[in-house]
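The sequence and the structure are shown first.

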Amino acid sequence: MESLFTSLLPQYTPKQLSSASAVVAPPSLSISLLSTAIHVHSVKPLATVTCLSASAVHATVENERAGSRIPKRSEIRLGLPSKGRMAVDTLDLLKDCQLHVKQVNPRQYVAEIPQLSNLEVWFQRPKDIVRKLLSGDLDLGFVGLDTVTEHGQGNEDLIIVHDALEYGDCHLSLAIPQLGLFENVNSMKDLVEMPQWTKENPLRVATGFTYLGHRFFREHGFKHVMFSTADGALEAAPAMGIADAILDLVSSGTTLKENNLKEIEDGTVLESQGVFVASRRSLIQRAGVLDITHEILERLEAHLRAVGQFTVVANMRGSSAEEVAARVLSQPSLFGLQGPTVSPVFCKREGKVVADYYAVVICVPKKALYESVKQLRSIGGSGVLVSPLTYIFDEESPRWPKLLGGLGL
Ligand SMILES: Nc1ncnc2c1ncn2[C@@H]1O[C@H](COP(=O)(O)OP(=O)(O)OP(=O)(O)O)[C@@H](O)[C@H]1O
Ligand SMILES: O=P(O)(O)OC[C@H]1O[C@H](OP(=O)(O)OP(=O)(O)O)[C@H](O)[C@@H]1O
Ligand SMILES: [Mg+2]
């Protein structure tokens, strides 16, 4: 077995190989051995990985370039998910930011955003976006945090520019059968304390997230665990007898329930949503990447900030703008973003231009709308108009200085 590992993974250090053998499957299961081998080479990103081809001949695949130089090209490249749950929502988010992705037809993998010159959009599967950011073949990308964390494996070249794009929400969670052996197991403590799991009989976990899985079990001091990988429908693995538990993404929880599985209380490995990610090397070394990142970030922040707010305009009788403002500011839900804008509403009475009324403009969180309307009425507001907000541009995008600081600029 050891020699097979050695021949499969010639570039691993002895330390990496010994951590690999800690999760080796029972010798009788050659299929598990293969999945373990695949899992092992996801432990640490390497410049070159060795794969087992159909004819068992070793083929060399270059996934990452070594060194800190970036590939030479003049265009800036943005990776967007080509398929799956994130694809349409990413395009919709960009459209909401007035960044329309122009794709000639859905099977063409390259596109452009006319508003951003010198930018190429490349549609890729989410995990390939992360891989290509690391290899320098993409500069920027939109993916789920789960994918960045799993496939980025803590690589410092990946920088999360915007960490909360408010779509693709899900969590990576450990799930076990509701009944049988696990009927009374509800926490990680319960699981760790089960006497069943030994070196010879490890807990078998089916997952596409072996890097995060390893980290999570290690953090919980759980030694006897073995991972196997599959590309989908993991929820079937326990019922098929292939695994004891699964580590997979959950959003509504329906798939777990329909397959008689339950989440473990403290078994959430990661909360995930869409993120905007960049290669540090590209930001620093490639001309124009920092400027485009700034523009995309500003648009994202302005849009996402506005989504949760309404503009509310109300008329209010008063003796002066200050007096009306004081009344508005006496109400807890009417502070707006920077206090109220109060403007006189002029009318002509007995030949004179007078201002008996004032228009009050505030932004209120959507959730607080009705409360705000009630408070406006209680201080004499009438004719309340509510309209959606499209963008809120701050003096500076809040995440921008953080990004520059992180880059040492
Ligand atoms: N319920 C969910 N299940 C899976 N992914 C979800 C869910 N909700 C949101 N997501 C997000 O969508 C992404 C999955 O998209 P998709 O299914 O296209 O990718 P994938 O399955 O990783 O790719 P591939 O099919 O190429 O392996 C996840 O990485 C996650 O960020
Ligand atoms: O909590 P829920 O809303 O039920 O969603 C969770 C399911 O969705 C995902 O699978 P997907 O639909 O991507 O299919 P796959 O398993 O083939 O990847 C994920 O892998 C879970 O199986
Ligand atoms: Mg999927």
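## Basis of the description

Two strands are said to pair if DSSP finds at least two bridges between them. Helices (H or I, at least four residues) and strands (E, at least two) are DSSP runs, numbered from the N terminus.

The model is predicted: local features need pLDDT of at least 70, side-chain atom pairs count only at pLDDT 80 or more, and totals for chains, interfaces and linings use all residues. Residues are numbered from 1 along each chain as its sequence is written, chains are lettered from A and ligands numbered from 1 in the order in which they are written, and side-chain values use heavy atoms, with hydrogens and water left out.

## The six-stranded sheet

Six strands form an open sheet with mixed pairing, in the order β4-β5-β3-β6-β13-β7. At its edges stand β4 (110-112) and β7 (158-162); each has a single partner strand, so one side of each is left without a neighbour in the sheet. From one strand to the next, the twist averages 35° (axes are lines fitted to C-alpha atoms, and angles run from 0 to 180 degrees between N-to-C directions).

Strand β3 (residues 76-81) is mostly covered, with five of its six residues buried; buried means under 20% relative accessible area, exposed over 50%, and partly exposed in between (1.4 Å probe, protein chains only). β3 pairs with β5 in the parallel sense over six bridges, and Leu80 has Phe123 in β5 as its bridge partner. β3 also pairs with β6 (residues 140-144), again in the parallel sense, over two bridges; here Leu78 stands opposite Leu140. In β5, Val121 stands opposite Ala111.

## The five-stranded sheet

A further open sheet has five strands in the order β10-β9-β11-β8-β12, and its pairing is mixed. Its edge strands, β10 (225-228) and β12 (261-272), each pair on one side only. Neighbouring strands are turned by 25° against each other on average, direction ignored.

Within this sheet, β8 (residues 170-177) and β11 pair in the antiparallel sense over five bridges. Leu247 in β11 is the bridge partner of Leu174.

## Helix α8

Helix α8 (residues 210-219) is mostly covered, as seven of its 10 residues are buried. These are Thr210, Tyr211, Leu212, Gly213, His214, Phe216 and Phe217. The helix is followed by Gly221, which has a positive phi near 65°.

A residue is near a molecule if one of its heavy atoms lies within 4 Å of it. Of the 15 residues around ligand 1, Lys83, Gly84, Arg125, Asp146 and Ser251 come nearest. Helices α4 (85-96), α5 (126-135) and α6 (145-152) each supply at least two residues of the shell. By class, the shell has four nonpolar, five polar and six charged residues. Here Ala, Val, Leu, Ile, Met, Phe, Trp, Tyr, Cys and Pro count as nonpolar, Asp, Glu, Lys and Arg as charged, and the others, Gly among them, as polar.

Polar contacts are pairs of N or O atoms within 3.5 Å; within protein, one must be able to donate a hydrogen and the other to accept it, and residues adjacent in sequence count only if both atoms are side-chain atoms. A polar side-chain atom of Lys83 lies 2.8 Å from an oxygen atom of ligand 1. For Arg125, the distance from a polar side-chain atom to a ligand oxygen is 2.5 Å, and an N or O atom in the side chain of Asp146 is 2.5 Å from an oxygen atom of ligand 1. Taken alone, ligand 1 exposes 610 Å², of which the protein buries 81%; accessible areas come from the Shrake-Rupley method with a 1.4 Å probe, and for residues only the protein chains shown count as cover.

The residues around ligand 2 include Arg85, Glu235, Ser251 and Thr254. β11 (245-250) and α10 (254-258) each supply at least two residues of this shell, and β11 gives the most, with three. The shell divides into three nonpolar, six polar and three charged residues.

A backbone N or O atom of Ala233 lies 3.0 Å from an oxygen atom of ligand 2. Side chains contribute as well: a polar atom of Asp248 lies 2.7 Å from a ligand oxygen, and an N or O atom in the side chain of Thr255 is 2.4 Å from an oxygen atom of ligand 2. The protein covers 64% of the 490 Å² of accessible area that ligand 2 has on its own.
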